[in-house]
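Colleague: Put the model up, please. I want to go through the packing, one piece at a time.

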Amino acid sequence: MKEILSLDHISYTYESEDEEPRKAIDDVSFTVQDGEWIAIVGHNGSGKSTLAKLMIGLMYPDEGKVHVFLEELNADTVWEIRSRMGIVFQNPDNQFVGSTVQDDVAFALENNGVPYEKMVPRVHESLAQVKMEAFLDHEPHHLSGGQKQRVAIAGALALRPQMLILDEATSMLDPQGREEVIRVVDELKNATGLTVLSITHDLEEVLLADRVIVMNEGKVMMTGKPEEIFAHGDQLESIGLDLPFALRVSRELRKRGIGIQGEHMTEKELVNELWTSHFNK
């Protein structure tokens, strides 16, 4: 595996004439390897949104350096680097510019000078990847929340990026819409080896990640595999993060004297143990 993104002791302070300077990112370092799914989590104000802006070149650090695809991210390299990224934001309505789904997916390709004969199959291919090919001629604003995000992901995938960044991309969705978007991203990663960076405050979303980075007050509080992170449940709750539903239920059942082995991350795991250990006798 090769390094695809690195942050080297970066810091960023928001300056304002009306308020005291606020250090949003404080000496943060980590690397991402090609093909990894990294989840960056933290409560509101933890610095994760600022981190996202620094990673895609919307802002530059006051201290330290960001390298993407082994190049330093700066004003001279940002456009070439960003052309190799796919970015999906919190509100898909803010990304739609086309009158139809296929027009919207084609927009970034047109901006990047992709010839029409290559553009058409890429639009169809990316929509098929997110199971939205039947909606080619639909107006984006008439789609459900989950469908809109899938179209936004298709627009990012049409660029054939090396890295997909999801910046709170599921936070405005209902549980069904959130589940379908995460399932699509997981299938794409497994099928193509895409590098995924998911920035979120929802710990349910990180269960599929290879590694989790927990941000708090602008610093990296902890990093590790999901099961390693959730082993520190009390610390996570102390900084305002909600544990996955299955994990909370497992703990509550143990408090009530019902023997539960281990920490269950998913509802399926919990149901299977309850069925085999307590009901199927």
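Colleague: What does Lys 148 touch?

Modeller: Not counting residues up to four places away in sequence, Lys 148 touches Pro 92, Asp 93, Phe 96, Pro 140, His 141 and Leu 143. Touching, or contact, means heavy atoms within 4.5 Å. This is a predicted model, so local features need pLDDT of at least 70 and side-chain atom pairs count only at pLDDT 80 or more, while totals for chains, interfaces and linings use all residues. Residues are numbered from 1 along each chain as its sequence is written, and side-chain values use heavy atoms, with hydrogens and water left out.

Colleague: Is Lys 148 buried or exposed?

Modeller: Lys 148 counts as buried because its relative accessibility is 12%. The cut-offs are under 20% relative accessible area for buried, over 50% for exposed and partly exposed in between, with a 1.4 Å probe and protein chains only.

Colleague: Which helix is Lys 148 in?

Modeller: Helix H5. Helices are DSSP runs of H or I with at least four residues, strands are E runs of at least two, and both are numbered from the N terminus.

Colleague: At what angle do H5 and H6 pack?

Modeller: About 25°, with the axes of H5 (residues 145–157) and H6 (residues 175–192) 8 Å apart. Axes are lines fitted to C-alpha atoms, for helices over the stretch in contact, and angles run from 0 to 180 degrees between N-to-C directions. H5 and H6 are therefore roughly parallel to each other; that label is for angles under 35 degrees, with over 145 roughly antiparallel, 65 to 115 roughly perpendicular and the rest oblique.

Colleague: Which residues of H5 and H6 make the contact?

Modeller: On H5, Gly 146, Gln 147, Gln 149, Arg 150, Ile 153 and Leu 157; on H6, Gly 177, Glu 180, Val 181, Val 184, Val 185 and Leu 188. By class that is 6 nonpolar, 4 polar and 2 charged residues. Nonpolar covers Ala, Val, Leu, Ile, Met, Phe, Trp, Tyr, Cys and Pro, charged covers Asp, Glu, Lys and Arg, and the others, Gly among them, are polar.

Colleague: Now H3 and H4. How do their axes cross?

Modeller: At roughly 120°, coming within 10 Å. H3 and H4 are therefore oblique to each other. The contact between H3 and H4 has 7 nonpolar, 2 polar and 2 charged residues.

Colleague: Which residues of H3 are buried?

Modeller: Val 101, Asp 104, Val 105, Ala 106 and Leu 109. The buried residues of H3 pack against H4 and H5. Just after H3, Gly 113 takes a positive phi of about 70°.

Colleague: On to the largest nonpolar core. Which residues touch the most other members?

Modeller: Of its 48 residues, Val 88, Val 123, Leu 127, Val 130, Ile 153, Val 214 and Leu 236 do. A nonpolar core is a set of buried Ala, Val, Leu, Ile, Met, Phe, Trp, Tyr and Cys residues joined through side-chain atoms within 4.5 Å.

Colleague: Which element gives the most to this core?

Modeller: H5, with 6 residues. Another core, of 31 residues, lies apart from it, including Ile 4, Ile 25, Val 32 and Val 66.

Colleague: What about Leu 236, which residues is it in contact with?

Modeller: Leaving aside neighbours within four places in sequence, Leu 236 is in contact with Leu 203, Val 214, Met 222, Ile 229, Phe 230, Leu 241 and Leu 243.

Colleague: Last one, Glu 252. Where does it lie?

Modeller: In helix H9 (residues 245–255). Glu 252 is partly exposed, with a relative accessible area of 33%.
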